[in-house]
Amino acid sequence: MKRIFLDALKHASKLPLLRVWQKGDFSFLFNLPGFRGIAVRILKTVPSQMKVFVLNHPYSPTEFLSFGNWDNPGTTEEFTFPEGGKGKVFIIPVKLGNTCLGEMAILTDFSDPATQYSDWDIFCNQFAALIGHRLFPDYRHKASSIENFTPNLLNYLIIDIHKLNERISSTYSPKANFQSDPWFDEDSEYLSSLMAGFQTKFDLDTLFVIQYSLKNEIHVVISSWVDNIKDLHPKTTEFIEDLLTYGREDSLITNNDFSPVNASLESARHTSHPDSEHYVTLSECRCRIYKNSPLPEGSLSNEPFSQSYQCKLGNVLHGHIGIVNHKNTDLSYLDRLLALLANQLAFRFAYLKQLRKESLNTDILRKINQSSNLLTASIDVVGIIDHLVSSLGDLFGQKSGAILVYHPDQKTPESIRIFGPIPPDFDPLVAANTPGDVYNAIHGSSAFQRLPDDNKELFNIVLPFAATSRLEIQNLQLNSPSLGCLILFNHPENKYLPQDEVNMLTILLNSVSAALLVALNYQEKLETIKSLEGMIKKINNKDLLLTEMINVVRKLLKINRCSFLTLSSDQKYLMIERSYGLSEKIISETKIPIGDEISGYVARTGVSIRIDNIEEDPQFQKRSMEAYFNRSLLSVPLISRIDERNKKVIGVINVNNKISGLTFTDQDQKLLEAMADLVVVALENLEAMDARRQSERIQQQLNDAREVQAALLPNSWEGIPENLSVFGKSIPAKEIGGDFFDFLKIVEGKYLAAIGDVSGKGMPAAILMARIKTFLQLVAREYYQPSRILQRINQMINIDPYHFVTMQIAVIDTEQKTMTTSSAGHGGLLACVNGKPTELFSGKGLPIGIHPVDLNFEEQMVSFNPGDSILMVTDGIYEERTYSGEMYGSERFQKFFSENCTCHPNLLVENLFNVLNSWRGEREAHDDTTVLALKFLK
């Protein structure tokens with residue numbers, strides 16, 4: 001019966017034990033395909049014999065009576081609904097034994113394509129029987145009351161074997177410790193529906209089915225009056241578990257008195273059977289229980305009656321079906337039906353097992369193909385072994401074993417992997433070098449597989465990783481050594497593999513063998529490249545580098561010809577810079593325009609080209625300028641990569657004709673591309689080394705110049721009069737700068753303070769600064785007036801039109817406590833007079849070097865008292881910028897001075913530089929920064 005009708009019957013068996021029902025009691029019918037209404041009419045004897053409706057929905061009793069012939073129940077008629085539309089009415093007698101006590105009518109929609117007459121006919125007859133059972137709860141089906149349980153119903157309950165393909169939608173999906181949930185769900189759902197029909201029809205207490213599934217899994221589905229396995233009657237549990245352990249040898253186990261051990265079970269317990277070594281409990285199976293029957297009334301004290309049948313085809317047991325009843329009822333009439341059902345289930349279980357086995361194998365093969373695709377691209381031996389270990393567990397249930405991998409040219413293992421528990425005293429090296437199964441697999445490519453019943457063997461399976469199974473040379477067949485072997489231990493964690501799974505495992509190992517061979521060869525070449533990398537680090541000569549690279553390419557690819565082509569100075573041509581196997585004439589005459597020929601095409605596109613036969617290639621046939629090419633060719637660009645967007649081809653590597661006569665492979669191309677990358681890196685390293693050496697020379701010169709420049713500035717403040725404190729500091733924006741300051745004693749009691757800024761930065765500004773500084777010290781010995789000093793320096797120095805010097809000079813008379821200032825385009829200075837900040841005008845004057853003629857400079861004189869101070873700065877103070885470009889400016893500088901003008905000159909200068917550093921942050925200094933501070937003490 002279709003699952004939806006079986007579910008409805010299950011709900012019907014739980015209807016309230018009343019003679020009158022509400023519409024809501026039958027809501028489980030509303031979703032049945034085509035359902036439109038239901039009515040129940042029963043015979044009443046009090047006060048007079050008449051039939052009354054105890055349920056009618058959604059029409060009145062009168063309307064229901066008009067839909068069909070109620071006096072002739074058991075018929076199906078067509079009618080028209082009051083609101084329009086054709087329908088069918090099923091009128092079924094409600095019987096108690098042979099007595100008809102009423103009728104039930106179900107209305108269906110005739111126009112609904114989902115409405116199936118045969119489905120509804122069977123359902124209505126079963127539903128009418130349940131209606132009578134619920135209306136008259138004191139009635140129990142007699143043993144002889146099986147007239148309605150026809151072969152038609154049995155065939156309907158058991159789904160046609162030929163339709164199973166449509167039902168099997170689940171496929172094998174590996175999960176830890178629970179590998180076939182979809183299968184168990186599907187089986188339990190089907191079996192529970194099937195058993196519900198039997199329980200309802202024959203008033204059975206407990207019905208159970210045991211199904212032996214794939215991978216030694218057991219499915220147990222129980223239909224009883226409880227919904228928890230722990231609540232089953234202890235003897236019911238014991239009977240099922242005895243079947244699980246000992247029931248595979250008996251065609252029928254019957255236990256009327258349900259003693260713990262009866263004759264047949266006692267015989268089974270003493271039967272030597274591999275599956276009877278351990279007692280099997282329900283907790284070890286996939287078990288599910290459904291509550292489909294009421295609690296046996298007052299009969300739990302009775303000893304239960306039990307009976308089971310094997311679901312067997314030929315000599316293969318696929319499961320059991322059994323019943324347990326606490327009522328003192330003779331159920332012998334069920335023998336025929338249960339035997340028939342067991343036979344039908346055996347067909348179903350066998351067919352399901354075959355379908356699922358095919359699904360399993362198909363899924364395993366699909367995963368093996370996916371693994372093969374992954375392994376094909378793998379060049380890592382460890383990764384290949386990891387993938388194999390994972391696949392052994394997930395696909396084949398193998399958790400314990402060992403893997404030995406050998407390089408084709410080596411006698412010791414390249415890699416040994418042992419996974420899972422291992423047998424005591426197992427030594428892989430001893431096994432590999434001692435004649436036996438492992439030795440034969442490694443040295444003779446022979447396989448080993450133990451017999452199913454032979455538990456004395458140490459190994460279940462030993463399979464070789466054969467690069468080629470055999471070599472055939474002039475009709476001689478020679479076994480070739482393998483790349484190692486897979487060992488699967490005879491351990492409880494490893495399930496025994498049937499031959500079809502061994503065949504699939506062999507398919508996987510073929511892919512692993514091919515991947516290992518590629519990886520081992522690739523590893524050998526990578527080791528050569530690694531040794532080359534170490535060599536490159538030691539080479540600082542381009543000619544030697546290219547010569548060594550030619551040798552390595554020859555060793556790796558085993559070719560007849562090789563050439564390195566680099567760009568000409570004008571970047572328009574490729575020319576051979578180093579080669580092997582080419583004549584001097586070809587080397588000297590080869591000059592290939594970018595974009596032409598094969599090499600020019602590779603240089604223009606930056607894409608490698610691999611040609612199996614250049615003579616037949618439609619795009620690149622033999623070219624005049626590359627006449628040395630014939631047969632197979634591999635051309636790879638030399639690409640300098642600043643980043644992924646900025647790439648530049650700087651040359652081409654060509655290799656031509658393998659010594660073996662074979663064509664170049666994708667692996668050869670990847671290796672040569674890796675070599676090309678190494679060449680580029682090595683050449684760039686050489687250029688970087690040359691540039692670094694040049695930079696280091698320049699840097700050293702700049703450092704020397706900076707030391708010289710620093711030596712020109714005052715670095716000590718000795719000889720300062722007691723009533724005066726002086727401190728200055730200059731930091732260039734680059735290694736060297738154009739700012740300067742000085743403090744000189746002119747004559748006794750008179751001192752000169754000067755600060756200047758040469759336009760520009762770097763070495764030219766530094767040289768001009770040194771000249772100005774020298775002239776200042778010379779002129780200050782002859783003149784005491786600041787204006788005259790500036791005038792004389794302008795006359796002496798010869799400056800190019802692109803540079804000039806701003807300068808500020810102050811002559812301090814410590815005895816008179818006066819200061820005379822003059823400025824050459826340098827602006828004023830800040831002073832602190834009587835504790836108040838102020839700005840002093842230094843006099844007008846153009847920068848030095850603007851005019852070669854005599855310049856006139858103004859002078860200003862001011863008096864000072866003890867505690868007064870002055871601050872002389874260059875414009876780098878004002879122009880210092882933040883990361884966003886905002887300048888420090890004069891307002892911030894004046895505010896700083898007003899807050900710090902009373903400080904000692906040393907502290908004043910350091911505070912100012914700290915503020916500027918904080919303002920600038922990580923940004924480089926915008927300009928040279930120079931400060932000179934003076935303070936009168938007394």
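Reply: Before we start, helices here are DSSP runs of H or I with at least four residues, strands are runs of E with at least two, and both are numbered from the N terminus. Please keep in mind that this is a predicted model.

Me: In which loop is Pro58 found, and is the peptide bond from His57 to Pro58 cis or trans?
Reply: Pro58 is found in the loop that runs between strand 2 (50-57) and helix 2 (61-66). Most peptide bonds are trans. For the bond from His57 to Pro58, however, omega is near 5°, and this bond is cis.

Me: How are helix 6 and helix 9 oriented to each other?
Reply: The axes of helix 6 (residues 181-202) and helix 9 (residues 334-376) come within 12 Å and cross at roughly 170°. Angles over 145 degrees count as roughly antiparallel. The two helices, helix 6 and helix 9, are therefore roughly antiparallel.

Me: Which classes of residue make up the contact of helix 6 with helix 9?
Reply: Helix 6 contributes residues including Trp183, Tyr190 and Phe198, while helix 9 contributes, among others, Leu341, Arg348 and Phe349. Counted by class, the contact of helix 6 with helix 9 has no polar residues, four charged and 13 nonpolar.

Me: Which residue caps the N-terminal end of helix 10?
Reply: Helix 10 (residues 381-396) has 16 residues, which at 1.5 Å a residue should span 22 Å, and this agrees with the 21 Å between its end C-alpha atoms. After the helix comes Gly397, with a positive phi near 65°. At the N-terminal end, a side-chain oxygen lies 3.3 Å from the backbone nitrogen of Val382, and the residue that provides this cap is Asp380.

Me: Is Ile222 buried or exposed?
Reply: Ile222 is found in strand 7 (residues 218-224). Among the residues that Ile222 touches, leaving aside those up to four places away in sequence, are Met195, Phe208, Ile240 and Tyr290. Residues under 20% relative accessible area count as buried. The relative accessible area of Ile222 is 0%, so Ile222 is buried.

Me: Is Asn657 buried or exposed, and is Asn834 buried or exposed?
Reply: Most residues other than glycine have a negative phi. With a relative accessibility of 3%, Asn657 counts as buried. With a relative accessibility of 58%, Asn834 counts as exposed.

How values were computed. Residues are numbered from 1 along each chain as its sequence is written. This is a predicted model: local features need pLDDT of at least 70, side-chain atom pairs count only at pLDDT 80 or more; totals for chains, interfaces and linings use all residues. Side-chain values use heavy atoms; hydrogens and water are left out. Axes are lines fitted to C-alpha atoms, for helices over the stretch in contact, and angles run from 0 to 180 degrees between N-to-C directions. Angles under 35 degrees count as roughly parallel, over 145 as roughly antiparallel, 65 to 115 as roughly perpendicular and the rest as oblique. Contact means heavy atoms within 4.5 Å. Ala, Val, Leu, Ile, Met, Phe, Trp, Tyr, Cys and Pro count as nonpolar, Asp, Glu, Lys and Arg as charged, and the others, Gly among them, as polar. The expected span of a helix is 1.5 Å times one less than its number of residues. A polar contact is a pair of N or O atoms within 3.5 Å; within protein, one must be able to donate a hydrogen and the other to accept it, and residues adjacent in sequence count only if both atoms are side-chain atoms. Buried means under 20% relative accessible area, exposed over 50%, partly exposed in between (1.4 Å probe, protein chains only).
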